[in-house]
Amino acid sequence: MPRQLGELEDAVMTRVWQWNRPVTVREVLEDLQQERSIAYTTVMTVMDNLHQKGWVRREVDGRAYRYTAVSTRAAYAAALMNEAWSRSDNPAAALVAFFGMMSAEQREALRDAMRIVLPTLPEDGEQSDGEGPEVAGEGRAEGPGEGAEAVGETGPDAGR
């Protein structure tokens with residue numbers, strides 16, 4: 001399971017994810033400098049660390065590297081949620097508390113996601129017979145590198 005990214009790692013990965021293309025240290029540096037004073041070597045070190053941790057892959061382009069994200073921000077967020085949930089001594093209570101913190105928009109997004117995962121999920125107000133469809137991998141959420149390749153994603157721990 002991945003650990004949460006540090007503040008600067010997250011700022012760098014945000015750009016890599018948003019741009020969704022191979023990026024150079026210089027490009028990330030110039031964008032970060034619009035918000036803060038930061039040195040080229042600092043960004044280079046962070047990107048090298050992200051490469052070592054498996055968050056980005058890199059290819060040589062002249063005298064520099066171009067970095068590409070290994071997985072999506074959604075896969076990263078899902079892995080963090082799964083890790084936090086799996087550490088709970090009472091997973092059901094943790095989910096109830098989590099759902100209680102959600103906004104109406106987040107609950108609707110959850111309903112939409114459940115309809116994708118469980119296409120026969122009853123609509124609001126409908127009764128369920130309690131017997132849902134069999135779902136591959138049911139009972140454990142898959143994080144990056146754990147079945148995500150089925151949707152074309154690999155995680156930071158791929159190949160480890």
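This is a predicted model: local features need pLDDT of at least 70, side-chain atom pairs count only at pLDDT 80 or more; totals for chains, interfaces and linings use all residues.
Angles under 35 degrees count as roughly parallel, over 145 as roughly antiparallel, 65 to 115 as roughly perpendicular, and the rest as oblique. Numbering starts from 1 along each chain as its sequence is written, and side-chain values use heavy atoms, with hydrogens and water left out.

**Helix pair**

- The axes of α2 (residues 25-32) and α3 (residues 40-52) come within 9 Å and cross at roughly 120 degrees, so the two are oblique to each other.
- On the α2 side, V25, R26, V28, L29 and L32 make the contact (heavy atoms within 4.5 Å), and Y40, V43, M44 and M47 do so from α3.
- Sorted by class, that α2–α3 contact has eight nonpolar, no polar and one charged residues.

**Salt bridges**

- A search of the whole structure turns up twelve salt bridges, meaning a side-chain nitrogen of Lys or Arg within 4 Å of a carboxyl oxygen of Asp or Glu.
- E27 pairs with R21, with the closest N and O atoms 3.1 Å apart.
- E27 counts as partly exposed at 24% relative accessibility (buried is under 20%, exposed over 50%, partly exposed in between, with a 1.4 Å probe and protein chains only).
- E108 bridges to R111 at 3.2 Å between the closest N and O atoms, and to R115 at 3.7 Å.
- Both E108 and R111 sit in α6 (residues 104-117), three residues apart, about one turn of the helix.

Terms used: Axes are lines fitted to C-alpha atoms, for helices over the stretch in contact, and angles run from 0 to 180 degrees between N-to-C directions. Helices (H or I, at least four residues) and strands (E, at least two) are DSSP runs, numbered from the N terminus. Ala, Val, Leu, Ile, Met, Phe, Trp, Tyr, Cys and Pro count as nonpolar, Asp, Glu, Lys and Arg as charged, and the others, Gly among them, as polar.
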